[in-house]
Amino acid sequence: MTLQDLIAKYSDYQVEMRRYFHQHPEESAKEFKTAERIRAELDKLGVQWRPCGMGTGTLARISGKQPGRTILLRGDIDALSVKEETGLPYASTNPGVMHACGHDVHAAVLLGFACAVADAVKQGAALPQGIRCIFQPAEEVGLGARTVVESGATDDVKAIIGTHNNPNYAPG
């Protein structure tokens, strides 16, 4: 299966997850249901995870074939204290809180990535080294990253990659 095949395979899943997270936003350090959903999705994939950072952060691990440093991808999961007025069918159901900052996208894309990598490994792809995915809490208030690092989630990591999204650009 090619990279393009994996992207296509998990495209609808990522949209579904993004809409779920958008509809159920939680403020910094209160991302309990968000973490619960992320962990349930990782369990479905058979991906190992553990809490990291403030109890709501989640570290997922997909092991490689060789020991050594791993690559870590990071996505934040908290929302803002903003009243949503979009009228979207998947608008926030949590009054006064919304994903106005794109963290719903970050969480969904990171889950989609974990799906694709886990799927590729199950099909026999050999990861030379491991991959970690951190679903970081409390980014908006500047508290989550420190607690994630203090939890040991970034120990022995070769590189950390975080992305951002811009809805003004066309996909691709």
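**Figure 1. Helix 3 is largely enclosed by the rest of the structure, because 14 of its 20 residues are buried.** The model shown is predicted: local features require pLDDT of at least 70, side-chain atom pairs count only at pLDDT 80 or more, and totals for chains, interfaces and linings use all residues. Residues are numbered from 1 along each chain as its sequence is written, and side-chain values use heavy atoms, with hydrogens and water left out. Buried denotes a relative accessible area under 20%, exposed over 50%, and partly exposed the range in between, computed with a 1.4 Å probe on protein chains only. Helices (H or I, at least four residues) and strands (E, at least two residues) are DSSP runs numbered from the N terminus. From its first C-alpha to its last, helix 3 reaches 28 Å, close to the 28 Å expected for 20 residues at 1.5 Å a residue; the expected span is 1.5 Å times one less than the number of residues. Gly124, with a positive phi near 105 degrees, follows helix 3.

**Figure 2. Helix 1 (residues 3-23) packs against helix 3 (residues 103-122) at an angle of about 145 degrees.** The two axes are 8 Å apart. Axes are lines fitted to C-alpha atoms, for helices over the stretch in contact, and angles between N-to-C directions run from 0 to 180 degrees. The crossing of helix 1 and helix 3 is right-handed; this term applies if the near helix is turned clockwise from the far one by less than a right angle, and left-handed applies if anticlockwise. Helix 1 contributes Leu6, Lys9, Tyr10, Tyr13, Gln14, Met17, Arg18, Phe21 and His22 to the contact, where contact means heavy atoms within 4.5 Å. From helix 3 come Asp104, Val105, Ala107, Ala108, Val109, Leu111, Gly112, Phe113, Cys115, Ala116, Asp119 and Ala120. By class, the contact comprises 14 nonpolar, three polar and four charged residues. Ala, Val, Leu, Ile, Met, Phe, Trp, Tyr, Cys and Pro are classed as nonpolar, Asp, Glu, Lys and Arg as charged, and the others, Gly among them, as polar. In general, an α-helix has 3.6 residues a turn, so residues three or four places apart point the same way.

**Figure 3. His106 lies in helix 3.** This histidine counts as buried, at 5% relative accessibility. Residues up to four places away in sequence being excluded, His106 touches Gly75, Asp76, Thr163, His164 and Asn165.

Figure 4. A disulfide is a pair of cysteine sulfur atoms within 2.5 Å. For Cys115, which is in no disulfide, the nearest cysteine sulfur is that of Cys133, 10.0 Å away. Likewise, Cys133 is in no disulfide, and the nearest cysteine sulfur to it is that of Cys115. Cys115 is buried at 3% relative accessibility, and Cys133 is buried at 1%.

**Figure 5. The loop between helix 1 and helix 2 (32-45) holds Glu31 and Ala29.** Glu31 is buried, its relative accessible area being 0%. Apart from residues up to four places away in sequence, Glu31 touches Glu26, Thr56, Ile77, Asp78, Pro137 and Ala138. The C-alpha atom of Glu31 is 14 Å from that of Leu59, 28 residues apart along the chain. Ala29 counts as partly exposed, at 29% relative accessibility. The phi of Ala29 is positive, near 70 degrees, in a residue other than glycine. Most residues other than glycine have a negative phi.

**Figure 6. Met54, in the loop between strand 1 (48-51) and strand 2 (58-62), is touched by Thr147.** Met54 has a positive phi near 65 degrees, although the residue is other than glycine. With a relative accessible area of 31%, Met54 is partly exposed. Thr147 is located in helix 4 (residues 144-150) and is partly exposed as well, with a relative accessible area of 22%. Besides Met54, Thr147 touches Gly53, residues up to four places away in sequence not being counted. Thr147 and Gly130 are 17 residues apart along the chain, with their C-alpha atoms separated by 22 Å.

**Figure 7. Val157 lies in strand 5 (residues 157-162).** Val157 is buried, with 13% relative accessible area. Its contacts, neighbours within four places in sequence left aside, are with Arg69, Thr70, Leu72 and Arg132. Although Val157 and Arg69 are 88 residues apart along the chain, their C-alpha atoms are separated by 5.2 Å.
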